[in-house]
Amino acid sequence: MLKIARKEWEALRHQGEETYPHECCGVLLGRVDDDGTRIVTATARCGNTRTDSPQNRYNIDPRELVRIQREGRERGEDIVGFYHSHPDHPARWSSTDLAEAHWFGCSYVITSVDKGKAAITNSFELAGADEAVKQLLDEKIEID
């Protein structure tokens with residue numbers, strides 16, 4: 001399960017509206033409880049570095065990701081997931097999303113943005129033992 005504060009929930013959805021018709025992207029920071037629940041305490045907006053197809057692909061610059069991870073750890077937060085938007089497409093993961101997901105045990109949040117307005121937001125956990133058997137599983141979201 002993913003627990004997220006309403007402020008952070010609204011911020012990631014609003015970012016999808018701001019970047020429409022391109023995909024937005026960012027990082028979820030927080031902690032993992034003993035029961036495996038990921039608790040988001042902060043979000044970090046990232047720039048989508050994809051220039052070839054930003055309307056249906058995203059990429060986070062590895063240097064930006066390292067900086068976000070370092071700054072989060074200084075505050076006692078870890079990376080617990082990632083988020084991005086799907087402009088004019090459902091809030092379901094694509095084969096590209098699965099292929100490019102590599103952080104096992106993390107949440108992958110997707111917001112569909114229909115004609116510039118955030119619609120449905122879903123979350124998926126990247127599960128599996130390795131790349132050969134990884135899968136994105138539906139995950140419950142609890143908004144505080």
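**Loops, sheet and helices**

The loop between β5 (107-114) and β6 (117-127) holds lysine 115. Helices (H or I, at least four residues) and strands (E, at least two) are DSSP runs, numbered from the N terminus. The model is predicted, so local features need pLDDT of at least 70 and side-chain atom pairs pLDDT 80 or more, while totals for chains, interfaces and linings use all residues. Residues are numbered from 1 along each chain as its sequence is written, and side-chain values use heavy atoms, leaving out hydrogens and water.

Stay with lysine 115. Its phi is near 50 degrees, a positive value in a residue other than glycine. Most residues other than glycine have a negative phi, and most peptide bonds are trans. Lysine 115 counts as exposed, at 76% relative accessibility. Exposed means over 50% relative accessible area, buried under 20%, and partly exposed in between (1.4 Å probe, protein chains only).

Aspartate 88 also has a positive phi, of about 55 degrees, and is not a glycine. This residue lies in the loop between β4 (78-87) and α3 (95-100). Aspartate 88 is partly exposed, with a relative accessible area of 39%.

Now look at proline 21. A cis peptide bond joins it to tyrosine 20, with omega about 15 degrees. Proline 21 sits in the loop between α1 (6-19) and β2 (25-32).

Two strands pair if DSSP finds at least two bridges between them. Strands of a sheet pair through backbone hydrogen bonds, either parallel or antiparallel. Take β1 (residues 2-4) and β3 (residues 38-46): they pair in the parallel sense over 3 bridges. Isoleucine 4 stands opposite valine 40 in β3.

Contact means heavy atoms within 4.5 Å.

Last, find glutamate 64 in helix α2 (residues 62-74). Glutamate 64 counts as buried, at 18% relative accessibility. It touches Arg45, Cys46 and Gly47, not counting residues up to four places away in sequence. The C-alpha atoms of glutamate 64 and arginine 45 are separated by 9.9 Å, and the two residues are 19 residues apart along the chain.
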